[in-house]
Amino acid sequence: MNYIEGKKIENGEESGGKLGFLTRSVHVGNGIDTETGAIRRPITMANSYALPYDPSDLNWSSASGNIYTRNGGANQGYLQEKLASLEEGEDCVVLASGVAALSGVFFALLESGNHIVVSDSTYIAAYRLLNELLPRKYGVRSTLVDSSDVDAVRSAVTPETKLIHIETPSNPTIKISDIAAIAAIAHEAGALLSVDNTFASPYNQRPLALGADLCVESLTKYINGHGDAMGGAVIGRKELIDIIRAEAMVNLGGAISPFNAWLIMRGAVTLPLRVEQHNRSAQFIAEFLEAEDCVRFVSYPGLESHAKHDLAKSQMTKGFGGVMAFGLRGDHEAHNRFVSHLNVITSAVSLGHDESLIVFLGENDERQCLYPDEFHDGFFRLSIGLEDTEDIIMDIRQALRKAE
Ligand SMILES: *Cc1c(COP(=O)(O)O)cnc(C)c1O
C-alpha cells in the first residue's frame, strides 16, 4: 500500500505558518500507523521493545529510544509531542499522575541546602512535598508566601533559592499570581520558576510563554477531561526535561501506562472545545452565585470582585477556567445539607471532568490559617462540567432552597 507519507504533523509548523491551537489539538502526535494504514495511532501495550543485533552498547537507563516501557514507549511519546506543542515548550515528559509530575520536578532539581519559595495556596501534595517531606528528610528549606503579592515573593528569595513554585489559578482558593513578574524575580536570582497550570489548561494560559521555566499539568483534569484516566506532565526546555525524565520516570519509576496515555491523547483532542464551554458556563454560574443572598462569597477570577481580576484578564487569554470556590451563610451542617440535595452536580473530588463536581472543604483543613478570612468557616470547590448551564443553575437553586 502506498500511503501519503509526511502527513504527520510534528510541531505544527510543517504547513507554513504556525498552526492554530485547535488544529494542533487534533493533529499533533497523531499519524498514520505504517503497518496497517490506520489513521489513528494504535495502543501499544508492550512492556519491551525489540533490541538491536548487538545490544551490549545500549544504555539501559536511557530514555532516548524505546527499550522498556519505563524508559519510554510509543503512546507516551505521541502524548508528549502533543502536550509540548500545546504548552509551547521544547520538550515534555508524561508521568503516572500530576503528583508524579510535581515530585519529578522537585526531586530531580532540588538538593539539600537549596531554598525554595512556594505559594501558600497549592495542591495539597505540593504543600506536603515542599513544606514537610523535602525539608524533614532531605534538608531543603522552604518559605511559604502569598504569591499574589509580587513584593512578598521578591522578599522571600535568598541567594540559596533554587526554585519558585506557584499555581495560578490555585487550588483551592483560586488565587491568581503574576507569572511574568515572578519569572523575572526568579531569573534575577538565578532560580527557576515552575507553574502548575492544571486549573487553566494550556487553552487558557501558557506559563512558558510568560517566562516560566517549567509547566506542570495534572492530565487527570482538563486535558483528559473525561474522569477516567490519571496522568501528569512537565513541559519545558529539553535540558531540564531530560533530567526529570531520567530521574522521575526511569529511576523513580513514575511511568504512565500506555493505555492511560492513549486515553488522555484522545481526550486532549477536544480540549479547546470543552474549555470554551467550561469558561462560559462557569462565568454565568459564578455571577448567579454571587447574586444569591445565602452565598457568603464567591472566588472566581472572571468576577470583578476577584482581587486579581485584571491580572487574570491579561494572562488568561481565552477565559478563566471552570473552577470556583464559594461559601454559604450557614453552619457546617447547612453546607452538607446543600450537597445532599444536588442531583446534577456530583459530590466527589477532582475537577475538569465532563460532569460537574463539588467538594466541601470543612473548617478542619490545617491550611485554613493560610487562607483569607472568608475561607475559614468551610467552603466549596466547584468544578463546572459540560452539562447545560441552566440545568446546573437549576440544580444549585433548588438545593439552596432546600438547605435553607
Ligand atoms: C489534581 C491536581 C494535582 C495532582 O494531580 P493527580 O493527577 O491527581 O496526581 C496537581 N495540581 C493541581 C492543581 C491539581 O488540581
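**Group meeting: cores and salt bridges in a predicted model**

Okay, let's start with contacts: of those in the protein chain with a separation of 6 or more, 70% are between residues 24 or more positions apart. Contact here means heavy atoms within 4.5 Å. Before going on, a word on the source: this is a predicted model, where local features need pLDDT of at least 70, side-chain atom pairs count only at pLDDT 80 or more, and totals for chains, interfaces and linings use all residues. Residues are numbered from 1 along each chain as its sequence is written, and side-chain values use heavy atoms, with hydrogens and water left out.

So, the overall picture. The protein chain has 13 helices and 12 strands; these are DSSP runs numbered from the N terminus, helices being H or I with at least four residues and strands E with at least two. Its radius of gyration is 22 Å, close to the 22 Å that the globule rule gives for 404 residues, so the chain is as compact as a globular protein of that length. That radius is taken over C-alpha atoms, and the rule is 2.2 Å times the number of residues to the power 0.38. And 55% of the 404 residues count as buried, meaning under 20% relative accessible area, with exposed over 50% and partly exposed in between (1.4 Å probe, protein chains only).

Now the inside. Which residues touch the most other members of the largest nonpolar core? They are Leu-79, Leu-83, Val-94, Leu-219 and Leu-271, out of 36 residues in that core. By nonpolar core I mean buried Ala, Val, Leu, Ile, Met, Phe, Trp, Tyr and Cys residues joined through side-chain atoms within 4.5 Å. The elements giving two or more residues to this core include helix H2 (74–86), strand S1 (91–95) and helix H10 (271–290). H2 gives the most, with six residues. Both domain 2 (52–268) and domain 3 (271–403) give residues to this core, so it lies between them; those bounds come from an automatic or database domain assignment.

Zoom in on Val-94. Leaving out residues up to four places away in sequence, Val-94 touches Gln-76, Leu-79, Gln-80, Leu-83, Leu-219, Gly-232, Ala-233, Met-249 and Ile-256. There's also a second, separate core of 34 residues, and Leu-328, Ile-345, Ile-384 and Ala-399 are among them.

On to charges. Side chains of opposite charge can pair when their charged atoms come close. Searching the whole structure turns up 15 salt bridges, each a side-chain nitrogen of Lys or Arg within 4 Å of a carboxyl oxygen of Asp or Glu.

Take Glu-88 and Arg-206, whose closest N and O atoms are 3.0 Å apart. Glu-88 sits in the loop between H2 and S1, and Arg-206 in the loop between helix H7 (201–204) and strand S6 (214–218), so this pair ties together parts that are 118 residues apart in sequence. Glu-88 is partly exposed, at 33% relative accessible area.

Then Arg-245 with Asp-242, closest N and O atoms 3.6 Å apart. They're three residues apart in helix H8 (residues 238–251), about one helical turn. Arg-245 counts as buried at 9%, whereas Asp-242 is partly exposed at 31%.

Last pair: Lys-313 and Asp-310, at 3.9 Å between the closest N and O atoms. Both lie in helix H11 (residues 309–315), again three residues apart. Lys-313 is partly exposed at 47%, and Asp-310 is exposed at 57%.
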